[in-house]
Amino acid sequence: MLQRSALSRTGSFRPENLGQNALVMIGNLCFTLFVIGVLIFTIIAATYEPEDPLFHPSTKITTFLTSTSNATFKSDNTVVKTGEDFMRPNETAIAAFINITDVENPTPDATECVGGVDQPIDCSDPDVFHLMMRAAIEVFRDIHFYRFGKPVRGSNESTCDMAWRFRPKEGKTASFYKDYRTFVISRSENCTLSILGIGDYHSGLNARKKKRNQKPGFQKQEPAATLPVVGEVVNDSLPVVESENSFSQGKYLVYTGGGDRCKSMNHYLWSFLCALGEAQYLNRTLVMDLSLCLSSIYTNSNRDEEGKDFRLYFDFEHLKESASVLDQAQFWLDWNKWQKKDGLGLYLVEDFRITPMRLAQSNDALIMRKFGSVEPDNYWYRVCEGETESVVQRPWHLIWKSKRLMDIVSGIASRLNWDFDSVHVVRGEKVKNPELWPKLDRDTSPDALLSSLQEKIEDGRNLYIATNEPDTSFFDPLKDKYSTHFLDDYKDLWDEKSDWYLETTNLVGGAPVEFDGYMRISVDTEVFLRGKKQIETFNDLTSDCKDGINTCSTAAS
């Protein structure tokens, strides 16, 4: 009775109210779903990082570099693209290589040879020069020569050293290379000169540096000066301000703090080029920190490592010659010395949303952008997002790879006579994750590789295998069909006796320099890219997707 009375009083379940209650319930449910949808969308928008377009083909890179989209990217431990990767060589300059018919054929003069058979070889003799050029063109058939330097005396009386600038015949990169080798020369009784042998890559040390007042060598046309030349002596000393007056008249931009440190090299460059682009837009000198933190994804210790020099990874010589930059350590010494004395102003900016356009009218000597501790708003590249992206362009052409690392690449390719094919075999952690890469382990096994490569690469070819498989004996079955080569076969190019090691230790003040994980990836990848035929893991060897199952359509878009 009481229960019935209660129900009657509420009126909730009266027949005439059921429709109204149903509508209320449906409305509440729809509102709840709407709130949940907004929450999910907000989370996705805050955390979404689109894939890095720098690893797409060149047509998509061009689209990316001129886009107005959000300037974020996905971290990747792949080697980053730099300015020379976007360059296309001047076809006219590349076509102007030296043919053997361009070089005179030396003709001995018997009247001048009496009693001179045992005399030292005169490396300045034009006949000796022509003989050496012709020999180089005949021996190294897979490269084009663009310039020969004048020969100089070698290590003894029967040797001459000569340098030359060249490109591989089937080269795809917009770079020139320099080599210098020792030639062993003999003279017969009738005065005929002949080449007995040519030394290894970079054996002709006396021809490495161009001597003062040295007469020009032989070339058909001056190659494009804007292209990198790998193998030249590197001058990456730090720029200095000449005087107090010069310093006080300058305008500077510096970025400090932020969350970019110890991130991937791709992240570092994306942020650094934003700062460099802003400095150029404002017509200011960028004050840069040459000390990097190498992310744990590249280190042998699997820990972030501070104190890495920018010049170990990138071409600072090209940067300082093409843009106005100063080393941060030297700048602050000068600033502390002259700032108060000369009344130099400092404008502090702590909000990345203050655009470069708003700073363009500042007359202060130094604009300092200070970034906080909250990620991702403390990433330097946030400055170049939004409306700024269409105004400040990242100057990719100013960042080239380290010429010292590229010289190792050239050394490996030269030992293979620039006549090799290459295959990139990705294994490592991915083969241990069959949920994301179910076929990778099987498709990159030795038997599968032999089956895949037999239709693509001829038997007996030099095959360079770029891989993250730590045990290269895994690929031993391929030796029956190919002459296999790996990065570690060329350790002498970076060991403690190498030119690279001596130069880099001098660069950093005498401390030993490790050939770290990023350098290994960089060199391994660049050698792979110089193969005549290049076979990739994904698309060529396996149907698995590079970024895991069901991501192929995303990676291709």
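**Disulfides, strands and helices of the predicted model**

C545 has a relative accessibility of 9% and therefore counts as buried, where buried means under 20% relative accessible area, exposed means over 50%, and partly exposed lies in between (1.4 Å probe, protein chains only). The link of C545 and C552 is left-handed, with -110 degrees about the S-S bond.

The structure is a predicted model, in which local features need a pLDDT of at least 70 and side-chain atom pairs count only at pLDDT 80 or more, whereas totals for chains, interfaces and linings use all residues. Residues are numbered from 1 along each chain as its sequence is written, and side-chain values use heavy atoms, with hydrogens and water left out. The pLDDT is the predictor's confidence in each residue, on a scale from 0 to 100. Its mean over the protein is 86, and 82% of the residues reach 70 or more. Over residues 1-13 the pLDDT is below 50, and this stretch has 4 contacts in the model beyond near neighbours in sequence, a contact meaning heavy atoms within 4.5 Å. For residues 45-76 the pLDDT also stays under 50, and the model has 64 contacts for them beyond four places in sequence.

The protein contains 16 helices and 17 strands. Helices (H or I, at least four residues) and strands (E, at least two) are DSSP runs, numbered from the N terminus. Of the 557 residues, 46% count as buried. Among contacts with a separation of 6 or more, 71% come from residues 24 or more positions apart.

The disulfide count for the protein is 4. One of these joins C123 to C160, with 2.0 Å between the sulfur atoms. The torsion about this S-S bond is about -90 degrees, so the disulfide of C123 and C160 is left-handed. The pair links distant parts of the chain, 37 residues apart: C123 is in the loop between α4 (91-95) and α5 (126-139), and C160 is in strand β3 (residues 159-168). Both ends are enclosed, C123 being buried with a relative accessible area of 6% and C160 being buried with 0%.

Another disulfide joins C262 to C293, with an S to S distance of 1.9 Å. Here the torsion is about 95 degrees, so the link of C262 and C293 is right-handed. C262 lies in the loop between β7 (252-257) and α7 (265-281), and C293 in strand β9 (residues 291-294), so the pair ties together parts that are 31 residues apart in sequence. C293 is buried, with a relative accessible area of 10%.

Helix α7 has 17 residues, of which 15 are buried, so the rest of the structure largely encloses it. The expected span of a helix is 1.5 Å times one less than its number of residues. For α7 this gives 24 Å, in agreement with the 24 Å between its end C-alpha atoms. Just after α7, N283 takes a positive phi of about 60 degrees.

Strands of a sheet pair through backbone hydrogen bonds, either parallel or antiparallel. Two strands are taken to pair if DSSP finds at least two bridges between them. Strand β1 (residues 143-148) is mostly covered, with 5 of its 6 residues buried. It runs antiparallel to β3, to which 5 bridges join it. The bridge partner of I143 in β3 is P168.

An open sheet of 4 strands has the order β16-β15-β14-β17, with parallel pairing. Its edge strands, each pairing on one side only, are β16 (483-485) and β17 (534-535). Strand β14 (residues 421-425) is joined to β17 by 2 bridges, and S422 has Q534 as its bridge partner in β17. Helix α15 (residues 517-528) lies across β14, β15 (462-467) and β17, and runs at about 145 degrees to β15. Such angles run from 0 to 180 degrees between N-to-C directions, and axes are lines fitted to C-alpha atoms, for helices over the stretch in contact.

A cis peptide bond, with omega about 5 degrees, joins E375 and P376; P376 is in the loop between β13 (366-371) and α11 (403-415). N417 counts as partly exposed at 45% relative accessibility, whereas W418 counts as buried at 5%.

Key
Disulfide = S-S within 2.5 Å.
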